[in-house]
Amino acid sequence: MNLKTALILSAAAIMAAGASYESKACTGITLTAKDSSYVLARTCEWGGSFLQSRYVVVPRGYAQTAFTPSGVNGMKFTSKYGYAGISVMQDEFVTEGLNEAGLSAGLFFFPGYGQYEKYDSTLNSSTLTDMQLVAWMLGNFSTVDEVIESIEKVHVVSLSPQMQTVHWRIGDASGRQAVLEIVGGEPKFYENKLGVLTNSPGYEWQMTNLNNYVNLYPGNAQPQKLAEGVMLSSFGAGTGFRGIPGDVTPPSRFVRAAFYQTTAPQYATGFETVKETFQILNNFDIPVGIEHAPSSGPLPENVPSATQWTTSSDLKALRFYYRTAWNSTIRCIDLKAIRFDKVKFTSAPLDRVQEQPVEFIKVK
């Protein structure tokens with residue numbers, strides 16, 4: 001076994017070991033600015049260990065060989081488009097990204113509901129792991145339609161049977177967005193007109209579940225007279241949202257994301273809208289401890305939050321933004337400033353130093 005294969009299988013083992021933790025979560029939202037900027041944002045949670053996330057910049061013409069359960073011997077693909085994104089565990093495992101044509105793609109954990117096709121080594125030339133599907137999409141396509149037309153040409157598998165499945169969010173510069181789920185070995189696409197995605201159950205169930213919250217609305221409930229001399233009134237603001245679920249399960253996060261997104265103000269520009277997505281997603285940060293039962297042992301070290309990073313992509317301006325659990329400063333990769341025909345493949349840690357900057361105020 002060569003070194004790279006050993007590293008890949010090691011990464012698979014780590015991801016499989018983390019499968020017992022509940023905070024393998026993600027929350028995605030979408031906002032549109034008055035100038036038609038289209039912004040897709042999301043969180044990425046992993047409560048079991050440090051994901052070793054890095055940002056990557058991939059040039060046009062970059063060639064990759066896909067991984068399979070038996071090694072680095074899968075489909076070969078070359079990037080038609082340059083892109084930037086965030087990888088986990090391995091540089092090749094791009095979890096979220098944006099390409100120079102304005103296509104956004106990201107994977108979201110989907111445990112217990114997805115079923116990939118069974119691995120067949122005779123199909124290696126068209127096989128790639130689920131952890132590389134985002135890289136394949138970003139490198140080769142500019143629209144959701146192109147992804148839909150091409151997905152039948154590839155076989156998507158897991159590196160290890162112990163690893164949980166994922167599903168994907170794909171959006172393009174036209175404002176179209178879709179969810180891809182592989183169930184029973186067959187890819188299924190859903191038009192995501194709402195622009196929200198979390199984890200399990202599937203997207204159709206999550207949309208149906210929203211009907212349970214038809215009573216929610218922005219603002220305050222009106223005072224009610226209960227009896228002569230007895231008037232009920234709000235304690236404070238936001239009573240129209242009384243009953244919105246506050247736990248961190250995927251269905252509850254889906255509901256909160258849908259209502260927070262829908263009631264958010266529409267800003268004039270993409271840049272203002274990006275900042276608003278980070279404000280909304282503050283509400284979905286998951287503390288690292290809540291998913292660990294007392295019997296599961298000590299909490300993971302050096303992981304300040306299960307929400308290890310948050311991103312926001314402006315598909316019109318072609319800017320990819322992120323912040324991390326270690327540093328809440330928002331950073332930006334401007335794809336328009338990159339010469340994707342000249343740049344070399346780049347990979348670097350999300351944080352130069354994993355420490356939250358603190359400004360001390362001097363009072364004279």
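Student: Is tyrosine 203 buried or exposed in this model?

Tutor: Look at the relative accessibility. Buried means under 20%. This is a predicted model. Tyrosine 203 has 5% relative accessibility, so tyrosine 203 counts as buried.

Student: How do I describe a pair of aromatic rings?

Tutor: Use the distance of the centres and the angle of the planes. Now the wider search. In the whole structure there are 12 aromatic pairs. One of them joins tryptophan 136 and phenylalanine 141. Their centres are 4.9 Å apart, and the planes make an angle of 80°. That pair is edge-to-face.

Student: Are tryptophan 136 and phenylalanine 141 buried or exposed?

Tutor: Apply the cut-off again: buried is under 20%. Tryptophan 136 has 6% relative accessibility, so tryptophan 136 is buried. Phenylalanine 141 has 9%, so phenylalanine 141 is buried too.

Student: What is the geometry of the pair of tyrosine 203 and phenylalanine 254?

Tutor: Edge-to-face, with 6.3 Å centre to centre and 65° between the planes. This pair links distant parts of the chain. Tyrosine 203 is in helix H4, residues 203-209. Phenylalanine 254 is in helix H5, residues 250-262. Phenylalanine 254 counts as buried because its relative accessibility is 1%.

Student: Where does arginine 42 lie relative to phenylalanine 108?

Tutor: Over the face of the ring. The distance from arginine 42 to the ring centre of phenylalanine 108 is 4.2 Å.

Conventions: Residues numbered from 1 in each chain as written. Predicted model: local features only at pLDDT ≥ 70, side-chain atom pairs only at ≥ 80, totals over all residues. Heavy atoms only, no water. Phe/Tyr/Trp six-rings, centres within 6.5 Å; stacked < 30°, edge-to-face > 60°. Buried < 20%, exposed > 50% of the residue type's maximum accessible area, 1.4 Å probe, protein only. Helix = DSSP H or I, 4+ residues; strand = E, 2+ residues; numbered from the N terminus. Lys NZ or Arg CZ within 6 Å of the ring centre and 35° of its normal.
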